[in-house]
Amino acid sequence: MLQVYLVRHGETVWNAARRIQGQSDSALTEKGERQARQVGERVKSLGITHVISSDLGRTRRTAEIIADICGCSVTLDARLRELNMGVLEQRPIDTLSAEEEGWRRTLVNGTENGRIPEGESMTELAERMHQALNACLELPAGSRPLLVSHGMALGVLVSTLLGLPAHAERRLRLRNCSLSRVDHQQSAWLASGWVVETAGDISHLDLPALDELLR
């Protein structure tokens, strides 16, 4: 059985400011750096052999902190990037027009083939996230990889592993530096292949990220 750990990056400046990031980037906040250290301390005893990260700055920095604690190097994989949010990237959410907010909502409300102009669909995102996950099957026997990615990217990955369509209503909350695990296995009681063991664990964190607080 192959166990793969999934971590969302730490809190960023734009998370805290409620700006749309997508494949644009902003630095980790001081809290985000602390969250990365906390998840690193959480997983250091799990025998992590590979830390594989989206190549965006916020994930790369999170991965570097975790890898340093675990004694691993970091490998970058662009397939683990966040959804391309097109023309809305870098925009504060509260500045969107009604039409723009409508575009954004198609990504979370179950609209089939929803997308922001010049951006990706959730189906396209799911396809590349599954490619990145399946690449872990090519690692040497006994490997225990940890993937560092993004909220929507990891959300659609876990949701589709559970059998939901990529465009399904977004109902899985994965907070900054939450820890999830998926296993590739054969079982008499579960479907063969990838199964979800845990999702969104934040028991190792001391404070919630600002982007997840209700306002």
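Predicted model: local features only at pLDDT ≥ 70, side-chain atom pairs only at ≥ 80, totals over all residues.
Which residues are buried in α5?

**View 1. The buried residues of helix α5 and what they pack against.** Met 122, Leu 125, Ala 126, Arg 128, Met 129, Ala 132 and Leu 133 are the buried ones in α5 (buried is under 20% relative accessible area, exposed over 50%, partly exposed in between, with a 1.4 Å probe and protein chains only). They pack against strands β1 (2-8), β4 (145-149), β5 (179-185) and β6 (193-201), plus helix α6 (151-161). Helices (H or I, at least four residues) and strands (E, at least two) are DSSP runs, numbered from the N terminus.

**View 2. The span of α5.** With 14 residues (122-135), this helix reaches 20 Å from first C-alpha to last, close to the expected 20 Å at 1.5 Å a residue (expected span is 1.5 Å times one less than the number of residues).

**View 3. Thr 62 in helix α3 (residues 57-70).** Thr 62 counts as buried because its relative accessibility is 0%. Beyond neighbours within four places in sequence, Thr 62 touches Arg 8, His 9, Gly 10, Leu 28, Ala 36, Val 148 and Cys 177 (contact is heavy atoms within 4.5 Å).

**View 4. Two loop residues, Arg 18 and Asn 113.** Arg 18 sits between α1 (13-17) and α2 (30-43), with a positive phi near 60 degrees despite not being glycine. At 32% relative accessibility, Arg 18 is partly exposed. Asn 113 lies between α4 (98-105) and α5; its phi is near 65 degrees, again positive in a non-glycine residue. At 60%, Asn 113 counts as exposed.

Residues are numbered from 1 along each chain as its sequence is written, and side-chain values use heavy atoms, leaving out hydrogens and water. Local features need pLDDT of at least 70, side-chain atom pairs count only at pLDDT 80 or more, and totals for chains, interfaces and linings use all residues.
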